[in-house]
Amino acid sequence: MPLLRVESVSKRFGGLEALKDVSFALYEGQVKALIGPNGAGKTTLFNLISGVDTPSAGHIHFKDHDLGGLTPHQACGLGVGRTFQHSKVFDDMSVLDNVKVGRYGRSGAGLFSAFFTLPRHRREERDITQGSYEALRRVGLTDRAGELAGNLPVGDRHLLEIARSLATEPTVLLLDEPAAGLNNDETDQLAEIVRRIRDEGVTILLVEHDMGFVMNISDEVVVLDYGQRIAEGPPLMIQDDPEVIKAYLGEDL
Amino acid sequence: MTFDQFLQYIFSGITTGSIYALTALGFTLIYNATDIINFAQGEFVMLGGLTAISLYEAGAPLAVACLGAVAIVGVAGIVFQQLAIRPLLKAGILAQIIVTVGASLAIRTAAMIIWGRESRPLPPFTGDTPIKVGEATILPQTLWVLAVTLVIVVALQLFYRRTLTGKAVRACSVNSGAARLMGVSYSWVVLLSFGMSAAISAAGGVMITPVSFMGYGYGAMLGLKGFAAAILGGLGNPAGAVVGGLSLGVLEALTIGALPIEGASGYKDAVAFLILLLILFAKPQGLFGGRAVEKV
Amino acid sequence: MAAVLSFLKRHSAFIGFAVVAMAAPLFTQNIYYLSVLAFMGTRFMIVLGLNLLMGQAGQISLGHAAFAGIGAYGSAILTTRWEVNPWAAMALSALLAATVAGVIGVPTLKLKGHYLAMGTLGFGEIVYILLVQFKWLTNGTDGISGIPSLSLAGIDFGKPQAFHWLVWGVALIMLRISLNLVDSRVGRSLKALHRSEAASMSLGVNTAYRKVQVLMVSAVFASIAGSFYVHYVHFVSPSSYTLTFSVILATTVVIGGLGRVWGAVWGSILMMVLPEFLRQYQDYTNLVFGVMLILIMIFLPGGIVSIGGAADALRRRIGGASGRSGGDAAPEGGS
């Protein structure tokens with residue numbers, strides 16, 4: 001039983017068909033990459049899975065839920081975490097506070113509790129802090145906890161987004177271009193962290209342009225072009241697929 | 001309501017509606033050039049009327065007084081842009097709102113000091129003998145308002161589509177960065193937009209003064225209704241602003257006519273805001289779609 | 001002992017402010033000054049709530065006078081017409097304000113930026129017009145007089161000093177709970193949704209719910225303030241609840257400094273003290289006021305709270321530091 005099943009999903013924006021009849025499955029414990037030329041529909045697909053948008057046709061099944069029609073915060077509640085292509089880190093909040101927001105869904109102290117610092121609020125604040133440090137530890141950012149998120153270099157910003165998402169205790173984590181702007185060392189570091197997260201039990205679906213990173217880290221690769229799935233399989237097989245090469249004409253694999 | 005009463009309401013509605021249209025149009029020009037919501041737009045209408053009154057009372061022939069007022073307020077619009085708006089072009093929405101509200105307050109108070117608290121008239125352009133249309137009557141001044149509004153709208157369209165300057169202005173509102181790279185001077189476009197915006201609104205003020213007199217407080221509510229009209233038509237859409245203004249005027253007039261209760265005219269102002277809320281809740285891009293809708 | 005000292009140190013600003021606020025009436029017998037101080041308190045309550053909405057959650061309201069008006073008129077009508085206990089009337093009015101906020105908030109808070117500003121403005125204007133037009137209920141522009149003073153256990157809160165302590169007691173409670181909110185799960189979620197709704201939702205925050213909730217809280221604060229006000233001046237009329245007042249409230253929040261609860265304090269003080277000074281200009285008052293708004297927004301876009309930061313930045317620049325210093329915050333006037 002796949003953890004996530006994308007079933008004949010299409011998405012139309014007015015006259016533009018961003019996704020056309022896309023299907024694939026994601027199994028628990030996998031690291032799967034979604035690649036394709038720019039405009040192929042990758043981020044659109046992420047938006048559909050994470051509840052930002054609704055499919056025009058088809059279904060997205062996650063565990064035994066249909067993700068269509070859910071809002072992003074509901075999707076998060078079910079266990080779908082995601083990061084964003086242009087990092088949406090809260091710049092003028094500290095790294096720790098950023099991650100604490102991620103613990104929102106795992107706590108419940110409401111407005112009244114907060115206003116009057118009731119025991120539930122105080123207890124949860126302790127737990128939230130603990131859980132946040134734990135998430136930071138998983139990406140290796142604990143020593144930057146007190147810094148302003150806006151001051152972080154780009155690699156650490158990506159890690160912060162990941163930590164923030166990890167704090168929500170996701171079952172599946174969607175990473176949107178986590179290696180963008182990173183040099184080789186940083187990319188290797190990221191690959192290590194992604195592997196470790198997978199080993200800790202999080203299933204990963206990522207979008208990436210850095211082919212070295214993709215080949216290194218993925219169990220399977222799905223290739224999109226013009227909104228359609230043109231290939232799916234292990235990285236080495238994809239590398240040699242003539243359709244894929246055609247789509248990427250001129251790009252180094 | 002008899003048909004003639006209905007017609008009367010329509011006439012009254014398009015008269016005020018034209019002023020709303022010109023206010024909304026002026027406001028749209030500024031919004032397209034700077035993304036700023038100008039809360040002081042109504043004051044340009046007010047200043048147009050009062051300046052014309054002063055010029056006329058100083059001895060100028062009516063035509064000179066009117067055209068002169070439009071020109072003077074046009075220049076005032078440019079001054080306003082330099083003093084209050086230019087520092088704000090990169091500030092947040094709230095700062096811009098507060099500054100234009102502050103300016104509105106300041107201008108209104110200055111007008112009260114200069115011209116006093118009384119409303120003052122201007123003579124109608126071609127006499128005040130009402131023209132009969134069936135049992136309804138229409139003032140000659142109303143015809144002037146409609147005609148001039150039409151001329152302004154057409155002239156603006158020609159300006160935008162046929163002249164190089166006009167196209168430059170349009171380019172800036174669509175993509176100021178690209179326009180600048182092509183050599184369009186953004187600051188000149190902004191200057192021009194403010195001048196035109198103030199002049200157009202002033203023209204409205206000049207024309208409506210013979211009908212409903214002009215006082216220092218006239219601009220306040222007018223500005224708000226101008227926004228409602230602009231949003232009704234689609235924020236940033238000049239044609240929408242005009243249609244929105246006219247529709248708003250007519251809807252207001254019909255509401256007064258249709259409500260069987262005494263003192264219905266007090267509710268007139270509520271019409272504009274109800275329409276505003278309705279549009280915002282149901283179709284924020286307005287009837288005709290404005291510029292890009294604000295996204296998160 | 002050490003625990004007590006550290007508690008005092010952590011909350012020194014609040015305690016200091018509370019002491020000053022409560023001690024103020026001991027230094028003057030002048031009824032006029034006492035009234036101004038008390039009204040600073042009611043104004044402060046509204047601004048605190050608005051600060052939560054605009055500063056923390058990053059929304060805009062140009063219609064907040066309406067909620068103060070609901071509290072004021074609710075208390076006025078219930079106590080004069082139906083002789084309801086003033087405290088109960090205050091509670092009921094606050095409930096009404098919260099309900100209205102909830103109902104109008106759901107569609108309105110889906111809007112952003114200019115559209116949100118205009119939506120709240122439209123709402124405020126409609127409430128004003130209803131207050132004027134529903135003469136059978138509100139007496140229209142004539143207003144309602146004869147509103148009784150508040151009293152409790154024999155204490156007459158119609159007396160200036162007693163009223164001051166009551167109002168500021170409540171205001172200080174509101175300040176304390178607002179400060180508590182900042183470092184909490186809900187408080188962080190508001191800050192987060194201000195900075196990025198998309199990111200917040202992806203982290204599990206139900207942003208629509210939180211926005212409406214904070215609007216309702218700010219409406220309750222405003223309503224209570226409105227009720228207190230009319231129980232002191234014994235009169236209410238629609239002219240107090242106009243767009244101008246809503247704009248003054250929003251301006252107070254911005255001038256104080258968006259996003260910082262203490263900004264509400266400085267803003268309220270400035271915006272109540274300023275007109276007192278401007279009164280001497282009579283006709284010119286509004287003119288000067290308008291110009292001052294412009295100047296403050298141009299030169300101090302971060303509000304009074306940012307004066308410390310601006311002074312630091314200036315010092316750094318004068319000191320000859322090259323390049324840009326880290327963490328120069330953008331003006332917080334944005335949506």
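**Chains A and B.** I started with chain A and chain B, and found that they do not touch. Their nearest C-alpha atoms sit 12 Å apart. I note here that I am working with a predicted model.

**Chains B and C.** Next I looked up which chains do meet. Two pairs of chains touch, and the pair with the most contacts is B and C. On the chain B side I count 35 residues, in contact with 37 residues of chain C. I then asked which elements of chain B give two or more residues to that side. They are helix H4 (93-115), helix H9 (218-233) and helix H11 (268-282) of chain B. H4(B) gives the largest share, with 14 residues. By class, I wrote down 29 nonpolar, four polar and two charged residues for the side of chain B that touches chain C.

**Chains C and A.** The contact of chain C with chain A involves 27 residues of chain C and 33 residues of chain A. At least two residues each come from helix H8 (160-182), helix H9 (185-195), helix H10 (197-202) and H11 of chain C. Here H9(C) supplies the largest share, eight residues. The class count for this side of chain C reads eleven nonpolar, twelve polar and four charged.

**A helix pair in chain B.** I moved on to helix H5 (residues 140-162) and helix H8 (residues 186-212) of chain B, whose axes come within 9 Å and cross at roughly 170°. Angles over 145 degrees count as roughly antiparallel, and H5(B) and H8(B) are therefore roughly antiparallel to each other.

**The nonpolar core.** The largest nonpolar core holds 268 residues. Which of them touch the most other members? My list is A:Ala163, B:Ala202, B:Ala228, B:Ile231, B:Leu276 and C:Phe221. I followed up on B:Ala228, leaving out residues up to four places away in sequence, and found that B:Ala228 touches B:Leu248, B:Ala272, B:Phe273, B:Ile275 and B:Leu276.

**A lysine in chain C.** Is C:Lys211 buried or exposed? I find 23 other C-beta atoms within 10 Å of C:Lys211, and the cut-off for buried is 20 or more, so C:Lys211 is buried. Setting aside residues up to four places away in sequence, C:Lys211 touches C:Ala57, C:Gln59 and C:Leu109. I also checked C:Leu53, which is 158 residues from C:Lys211 in sequence and 7.8 Å away in space, C-alpha to C-alpha.

**Strands of chain A.** Last, I traced the strands. Strand E1 (residues 4-13) and strand E2 (residues 16-26) of chain A run antiparallel and are joined by seven bridges. One partner pair is A:Leu4 with A:Leu26 in E2(A). The two strands form a hairpin with two residues between them, and A:Gly14 in the turn has a positive phi of about 60°. E1(A) is also joined to strand E4 (residues 57-62) of chain A, again antiparallel, by five bridges. There, A:Val6 has A:Ile60 as its partner. E4(A) in turn pairs with strand E5 (residues 65-66) over two bridges in the antiparallel sense, and A:Phe62 is partnered by A:His65. This hairpin has two residues between its strands, and I noted a positive phi of about 50° for A:Lys63 in the turn.

Key. Residues numbered from 1 in each chain as written. Chains lettered and ligands numbered in written order. Predicted model: local features only at pLDDT ≥ 70, side-chain atom pairs only at ≥ 80, totals over all residues. Contact = placed C-beta atoms within 7 Å. Helix = DSSP H or I, 4+ residues; strand = E, 2+ residues; numbered from the N terminus. Nonpolar A, V, L, I, M, F, W, Y, C, P; charged D, E, K, R; others polar. Axes fitted to C-alpha atoms, helices over the stretch in contact; angles between N-to-C directions. Parallel < 35°, antiparallel > 145°, perpendicular 65-115°, else oblique. Pairing = 2+ DSSP bridges. Core = buried A, V, L, I, M, F, W, Y, C linked by C-beta atoms within 7 Å. Buried ≥ 20, exposed ≤ 12 C-beta atoms within 10 Å, placed from the backbone.
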